[in-house]
Structure formats: structure tokens, C-alpha cells
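The following note sets out points for discussion on the model shown below.

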Amino acid sequence: ACKKRGIKFGFYYYQAQDWHAPGGAIWEGAHETDPVWQKPQWDQRQEGDFETYFDTKAIPQVREILSNYGPISIVWFDTPLNVMSVERAARLEKVVHELQPECLVSGRLGGKSQSDYDSEGDNAIPNLGRAGAWETPATLNDTWGFKKDDHDWKKPEDLTFKLVDIVSKGGNYLLNVGPDGDGVIPQPSQDMLRVVGRWLKINGEAIYGTGRSPFGEEFGAFSKTQLDPNGKPLFQPRKDWRCTTKPGRLYIHVFRWPDGSLELPGIRNKVLKAKLLAAPERTVNFKQTDSGVVVSLPGRAPDPIASVVRLDIAGDALKSR
């Protein structure tokens with residue numbers, strides 16, 4: 001079905017945690033809001049040796065899913081717990097890339113391996129931009145699977161901001177959808193994703209295939225006086241705008257529409273043209289000085305969620321500052 005519709009197909013796989021098989025690892029510490037169980041092993045049939053489990057179940061299952069179902073785009077390993085040693089992680093990675101060299105290995109393999117890319121914590125977005133390939137796995141409500149009484153749905157405006165925020169920091173937004181027992185996507189999920197889809201239909205060129213921001217101060221700053229719960233300087237985010245890039249182009253995603261003009265300090269490349277993706281017919285004037293660029297904007301934002309100003313510049317966008 002995926003091949004027929006041109007969709008890449010992958011598997012999610014617990015390489016260590018197993019609630020049923022002898023020797024499978026079990027989560028023994030605190031996790032999110034779950035209590036720490038006095039005896040996490042609740043079934044005598046779980047008792048056994050992990051190395052035996054790894055050799056007789058985990059490795060064979062990974063070989064099976066990579067051998068019997070055509071091209072696999074990714075094996076998204078998860079919850080390595082404390083049993084995925086460097087040696088075990090290397091064995092799994094070797095199996096994947098020997099059987100399917102183009103298959104990606106997720107950043108939660110364990111054993112100090114980031115594999116093909118890094119993975120942030122669940123729903124966690126870094127404060128600042130970062131190099132390398134990475135992703136943020138996230139939910140549409142508070143649940144990864146389907147939960148009929150979880151109605152804490154995110155708003156489309158929030159999803160759009162998170163998408164732009166992550167891409168502007170150099171990452172990928174891995175957004176989860178939890179279908180019900182009949183395989184139906186919950187209606188609230190459909191509704192909010194369609195809103196984001198309509199936004200992408202107009203502004204997609206500012207997201208797909210773009211690089212991270214060459215600026216940085218738009219993300220926010222660390223407080224000089226306040227501390228977070230870990231005793232470190234508290235990060236105070238800003239949400240006025242974000243920037244994504246392509247060679248020769250800067251895309252300024254404006255979430256808080258300014259009064260009259262948008263100031264972008266530090267752009268040294270010559271700006272050739274400015275336009276609004278949501279109103280391409282509208283002339284956008286700008287003024288460039290030694291200190292940066294000031295873009296003149298209409299009184300009202302053309303897009304209710306985020307309006308994107310595209311700046312065509314001379315030279316590579318990533319070297320514009």
C-alpha cells in the first residue's frame with residue numbers, strides 16, 4: 001500500500017525492552033509521570049538472560065523485517081535502557097546496513113551511538129540552532145497511541161510554529177498520529193493537520209529543503225538573573241520571527257506582525273528583491289544600510305498564522321551574516 005502511493009515505509013522497534021519474552025529488558029526507573037514500581041518484572045516468564053534474548057529474538061526479528069517487506073526506509077529503534085552496550089548497538093547497526101544500506105538507523109539505538117542522526121527527547125525542541133542531522137519526535141495531543149479520553153490537542157498555530165522553529169534550528173519534525181483500533185485518524189488530528197497543510201501549500205518553499213537560520217538572536221537568550229529547575233540560566237524564548245534559508249534566499253517567518261516595518265540586523269549580502277509568499281502580487285519595499293535591512297510591511301498580515309517574507313540576496317544565504 002505504501003509503495004503504491006509513493007510513501008516510504010519503516011518500522012518502529014524496541015531493541016531491548018520486551019514485556020513478554022524471557023530476558024527482555026524492563027524499564028526500572030522513573031519515566032515521565034509513571035511511578036517507579038517496586039518490582040517492574042510482573043510475570044515470571046520474563047525472567048531470563050538478556051544476551052540470549054538479544055541473540056534469539058532481537059537480532060532475528062530485525063533481520064526478518066529487513067528481509068521480507070521490500071525496501072525499508074528506517075528502523076526507528078527506541079528505549080535502549082541500560083542494556084544496549086556499544087557492542088550490541090554496533091551489531092544491530094551492522095545488520096541493518098548490511099541488509100539494506102539505504103535504511104536509516106534512528107538516534108535512539110543506544111550504546112553511545114547516534115547512528116544516522118540524533119534524536120531529541122519526546123516533544124523536546126532545543127533552545128538554539130544546532131549542527132548535524134537531528135529530529136524532534138512529538139505528539140498531537142499528550143499520547144503516542146490512541147487514547148479516547150485525551151482531548152488535549154495542540155492548536156494548528158502551535159504546530160506551525162513548532163514546525164518552523166525546528167526547521168529554522170536545523171532539525172526535522174517527526175510528528176506522530178495515533179489512529180484508533182480501526183485505523184482511523186481522529187478527527188481533531190485531521191482538522192489540525194489540514195490547517196497546517198493549507199499553510200504549507202502557500203509557504204512550503206520556505207520549509208522543504210531549507211537550512212537553518214544564519215542569525216540566532218531571534219530564538220531568545222539566557223537570563224542573567226533567573227535559573228531553571230536544574231540551577232542553570234533560564235532560557236527566555238522569543239517568538240516574533242524565525243528564518244529558514246536556501247542558497248540565495250532568506251525566508252523570514254513572521255509570527256508577530258510588526259507595526260509598519262521589520263528590522264533584520266546583520267545582513268551583509270546585497271538584497272535583490274523582497275516578496276510575501278502569501279501575497280506575491282504585492283510590492284514589498286525595503287531599505288538596506290550598513291547595519292542591516294528594514295522591510296516595509298502592510299498594515300495587516302496576509303496570513304493569519306505566519307506570513308513569510310522571502311528575501312532574494314546575492315551570494316550564499318548561510319554566509320549572509
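1. What share of the contacts in the chain with a separation of 6 or more comes from residues 24 or more positions apart? Such residues account for 65% of these contacts, where contact means heavy atoms within 4.5 Å.

2. The basis of the note is a predicted model, in which local features need pLDDT of at least 70 and side-chain atom pairs count only at pLDDT 80 or more, while totals for chains, interfaces and linings use all residues. Residues are numbered from 1 along each chain as its sequence is written, and side-chain values use heavy atoms, with hydrogens and water left out.

3. Overall description. The chain has four helices and 15 strands; helices (H or I, at least four residues) and strands (E, at least two) are DSSP runs numbered from the N terminus. The C-alpha trace spans about 70 × 55 × 40 Å along its principal axes.

4. Surface and burial. Of the 321 residues in the chain, 44% are buried; buried means under 20% relative accessible area, exposed over 50%, and partly exposed in between (1.4 Å probe, protein chains only). The accessible surface of the chain is about 18200 Å², and carbon and sulfur atoms contribute 51% of that surface. Accessible areas come from the Shrake-Rupley method with a 1.4 Å probe, and for residues only the protein chains shown count as cover.

5. Charge. The chain carries 42 positive and 42 negative side chains, the centres of the two sets lying 7 Å apart. Lys and Arg count as positive and Asp and Glu as negative, with His and the chain ends not counted; the place of a charge is NZ of Lys, CZ of Arg, CG of Asp or CD of Glu.

6. Aromatic pairs. Rings of Phe, Tyr and Trp (its six-membered ring) pair if their centres lie within 6.5 Å, and planes under 30 degrees apart count as stacked, over 60 as edge-to-face and the rest as tilted. By this rule there are 10 aromatic pairs. One of them joins Tyr-12 and Tyr-14 in an edge-to-face arrangement, with 5.5 Å centre to centre and 70° between the planes. Tyr-12 is partly exposed because its relative accessibility is 46%, and Tyr-14 is partly exposed at 32%.

7. A tilted pair is formed by Phe-50 and Tyr-53, at 5.7 Å centre to centre and with 35° between the planes. The two residues are three apart in helix α1 (residues 50–67), so about one helical turn separates them. Phe-50 is buried at 10% relative accessibility, as is Tyr-53 at 3%. Helix α1 also holds Thr-52, which is partly exposed with a relative accessible area of 44%.

8. Ring pairs also link Phe-9, Phe-11 and Tyr-69 into a cluster. Gly-70, in the loop between α1 and β2 (74–78), lies 9.0 Å from Phe-9, C-alpha to C-alpha, although 61 residues separate the two in sequence.

9. A charge over a ring (NZ of Lys or CZ of Arg within 6 Å of the ring centre and within 35 degrees of the ring normal) is found where Lys-169 lies over the face of Phe-219, at 5.1 Å from the ring centre.

10. Backbone. Most residues other than glycine have a negative phi. Thr-79 has a positive phi near 45°, and that of Leu-81 is positive near 50°. Thr-79 is buried at 10% relative accessibility, whereas Leu-81 is partly exposed at 26%.
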